[in-house]
Amino acid sequence: MITIIDYGMGNLGSVVNMLRRVEAECEVTGDPARIASASRILLPGVGAFDAAMERIDAAGIRQVLDDKALHQRVPVLGICLGMQLLTRGSEEGKRPGLGWIPADTRRLPGDLGIKIPHMGWNVAERTRQCPLTERLEGEIRFYFVHSYCVQTDDPRDTVLRTRYGVDFAAAVQRDNIMGAQFHPEKSHRFGMQLLRNFAELPC
Amino acid sequence: MPVAVSPNSRGYELPRGTDLTASGRKICARCIYDDSVHGIEFSDDGVCSYCKLIDRLTAQYGTGASQGTATFEELVRQIRESGLGKPYDVAIGVSGGTDSSYMLWLAKEYGLRPLAVHYDNTWNTAIATQNIFKVTSALGIDLHTHVCDNREADDIFRSFMLAGVPEVDGSTDIALAEVMYRAATRFNIGYVFEGHSFIAEGVSPLGKAYIDGAYIADLHRKFGNRPMRTFPNMTFARFLYWTTVCRIQKVRPLWYLPYSKEDARSFLSTNFGWQDYGGHHLENRMTAFHHSYYTPRKFGLDQRNNSLCASVRSGKISRQQALAAYRDPPHLESGLVEYVLKRLGFTATEFENLMSQPPRFYTEYRTYKRRFERCRPLFAVLAKRGLVPMSFYLKYCFPAKAPE
Amino acid sequence: MLRTRVIPALLVRDGCLVKTIRFGRFAYVGDPCNTVRIFNELEVDELLVLDISRDRAVRGPDLRLIADLADECFMPLGYGGGVRSLDDARAIFATGVEKVVVNTAAVARPDLIGEIATVYGSQAVIVSIDVKRGLLGAQTVRTGNGRRRTGLDSVAWAKEAARLGAGEILLTSIEREGTWDGFDLDLVHRVADAVTVPVIAHGGAGSLRDISDAVAKGGASAVALGSMVVFQKRGMGVLVNFPDTLSLKGIFG
């Protein structure tokens, strides 16, 4: 069962739709009590960094999330802004992030003549083997929409790398904490396989 | 018998496979038809009447032997002659499935100029459309399509489900037959190829399922909401018109020529990039729902035995493999039932109610059955002349035992 | 790197999928949900659905239909047809649609473009421009499914739309639409030259060569296909299809 955190940001409908299509059980909740019994957590997000961190605090779920992620160590997957929230902080805002992985969120370079946001399909290169990215075959592609990107301290925490002006982490994994910068729910077979992999992780 | 398991979190039940060995039924020694198959008999050697029927038909038509090939070559000669000076000489109904795709190739091999004809009930899968596209493009064959208005098609499917009868996708078969005749007439084509193979598909007995234009009209009248305007229904009058006035000949090449579905599939995929869709007619979502969910669940009818038996008889798989495949639950495209609910406008509760209501059968509604029986002498003549399929004559023109 | 986008553009009318020729002569094509489902199975990169029902501009978007379509789509979906206001856009985005397409309402009230772009970002707003040549050959903008003349010059309006916040321009040649005769490359080129936002060439595609010409000669950033993806070939029966990846790679290099 995947518990999708509803803190008021992000289009959860599409993610739920894809999880149903890959026959993964999921629930959507913002209730700390329900989150406390989660065996797998998905953190979505669309919008601004600070607004998201504020909402998480306002919803009173920060503590239970920290507990699940850092102490109980259940599998966690952050998607889009949700992946950026896993980092220490973002150049987009002033608030610290969740800090669950040693990484920073930085602005994509606006001075290289490329259009910001990075929007469209792009290729992702597998930098190391990882259960999250298993069975992604051939040229791996995903659909991206973002203006900020994640750079991990430890290169081994980046499991998929994409280039848009700079190389950045398209997906990360450090122990039980995982993230995907792209929209898996808009990346048809690639997104489905990734979510299937997440759903099948032992917990 | 296929039995439903308890509802999953989606609110509807899933069908199971059919375990014949555990069922205690008598199973044919050669294929895997069991004693629940309508009209079946077993001889002393334990072989069923359908195996024997197929042996008889094979001998009669010389299927796969020089006699059959010679008969077919003569038919081809007649077809070519009748098509001189016209843009096409034969019409071939296509679905993206194995048989029809193979027949397109066959027609070209024999120097014919086919027109591919497709009836689109608006429930195609990508595999179906891609297969049609790849094969027609590679062979340079033109395609004529009749698309039914999606709202009408759905209204008819809905009517069949509300009526509680088994033939939820039966309207597609009638529509295809009507569309074939219309296209043949419009393009001045005297011959139609049909992909039926009694060897590869078996001969499905007239049991609980039945379909004709009057039946569709009656269910639509009683349970439908939209006027039938683009759905190509075949009335009795039109049937007679096509067969006796237009005199369009139906030819079944696979009754004469050597054919195995398995070999055809590898041939098609190697040469055209054709893709398998995992089962008879599962390339169309409504047909898939019909065969993989609806009739197994509501009527205990798992018709995968037809093609499994055919594979066993031709030696492609063993009886044990067939029984094992039959035991597995039918394959369902992910989200198919939700899709059906969405398109036909049922809630999960309404759907469950429909599925658990007592089954009803064609005998309770208006059909042409008695008229077909009364006109048997006429259809006997037409069958002999190839104007109606012999299997239609045998199945429809004789009284049938009413389904319980 | 991002490669050139080839986008199926589907037309919906009264809940049915249709195809037109020069914005007239409606041919029935099939079921919208099933067709979107097929494109999903074909793994196209993105999809455009335009509702051209007669009174969309008055009644607004059919949210139930849009939600049904969005449910079938596991790739970005752009929707246009009767988007009158920021509220309409909001409701559409809530169904999971990635981009809204505005046409008639944007010409009537150009500020609409900026209103949506400010909240959802330019990348979520496509301004659709339908163009017909006037008697003297001037390429002028039409609205209301091609029925109303605006007198606006297509290049001027495209520039204005981009300035106001359009993320992309969907440029449709009414004369070429449904004809398989190729894009109006002159039109594409003039607009693509004049704006810095991506231009999606639409109307007239009949072959892979047309697709590559739109990019190489027309300067389009993307190409939308209509007839090519719903018919077996020119003049033949309905058959949903999409050029395969190898062929597309072949023409774009």
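# Notebook: strands, sheets and a contact

I began with strand 1 of chain C, and found that it pairs with strand 12 (residues 222–225) of chain C in the parallel sense, over four bridges. Within that pairing, C:R5 stands opposite C:A222 of strand 12. I note here that the model is predicted.

**Entry: the other partners of strand 1, chain C.** I looked up strand 4 (residues 47–51) of chain C next. Strand 1 of chain C pairs with this strand in the parallel sense too, over four bridges. C:L11 stands opposite C:L50 there. Then I turned to strand 2 (residues 16–21) of chain C. Three bridges join strand 2 to strand 1 of chain C, and the two run antiparallel. I found C:C16 in strand 2 as the bridge partner of C:R13. Strands 1 and 2 of chain C form a hairpin, with two residues between them. In the turn, I read a positive phi of about 50 degrees at C:D14.

**Entry: burial of strand 1, chain C.** Is strand 1 of chain C, residues 5–13, mostly covered or mostly uncovered? I found it mostly covered, with nine of its nine residues buried. I then sorted the residues by direction. C:R5, C:I7, C:A9, C:L11 and C:R13 point one way. C:V6, C:P8, C:L10 and C:V12 point the other way. Residues of both sets are buried. In a regular strand the side chains alternate between the two faces of the sheet.

**Entry: confidence.** The mean pLDDT of chain C is 94, and 99% of its residues reach 70 or more. Where pLDDT is low, the predicted coordinates should not be read in detail. For the model I noted ipTM 0.91 and pTM 0.92.

**Entry: the sheet of chain B.** Which order do the five strands of the open sheet in chain B take? I read 3-2-1-4-5, with parallel pairing. Strand 3 and strand 5 (249–251) of chain B are the edge strands, each pairing on one side only. From one strand to the next, the twist averages 30 degrees. I then looked at one pair inside the sheet. Strand 1 (residues 90–93) of chain B runs parallel to strand 2 of chain B, and four bridges join them. B:A91 has B:L115 in strand 2 as its bridge partner. I also followed helix 7 (residues 170–186) of chain B. Helix 7 lies across strands 1, 2, 3 and 4 (191–193) of chain B. Its direction is at about 145 degrees to strand 2 of chain B.

**Entry: where chain B touches chain C.** How many residues does each chain give to the contact? I noted 22 residues from chain B and 19 residues from chain C. On the chain B side, strand 2 (114–120), helix 5 (126–139), strand 3 (142–147), helix 6 (150–163) and helix 15 (336–344) each supply at least two residues. Helix 5 of chain B gives the largest share of that side, six residues. By class, I read six nonpolar, ten polar and six charged residues on the side of chain B that touches chain C.

**Entry: chain A.** The C-alpha trace of chain A spans about 45 × 40 × 30 Å along its principal axes. Buried residues make up 48% of the 203 residues in chain A. Of the contacts in chain A with a separation of 6 or more, 70% are between residues 24 or more positions apart.

Terms used. Residues numbered from 1 in each chain as written. Chains lettered and ligands numbered in written order. Predicted model: local features only at pLDDT ≥ 70, side-chain atom pairs only at ≥ 80, totals over all residues. Contact = placed C-beta atoms within 7 Å. Nonpolar A, V, L, I, M, F, W, Y, C, P; charged D, E, K, R; others polar. pLDDT = per-residue confidence, 0-100. Buried ≥ 20, exposed ≤ 12 C-beta atoms within 10 Å, placed from the backbone. Pairing = 2+ DSSP bridges. Axes fitted to C-alpha atoms, helices over the stretch in contact; angles between N-to-C directions.
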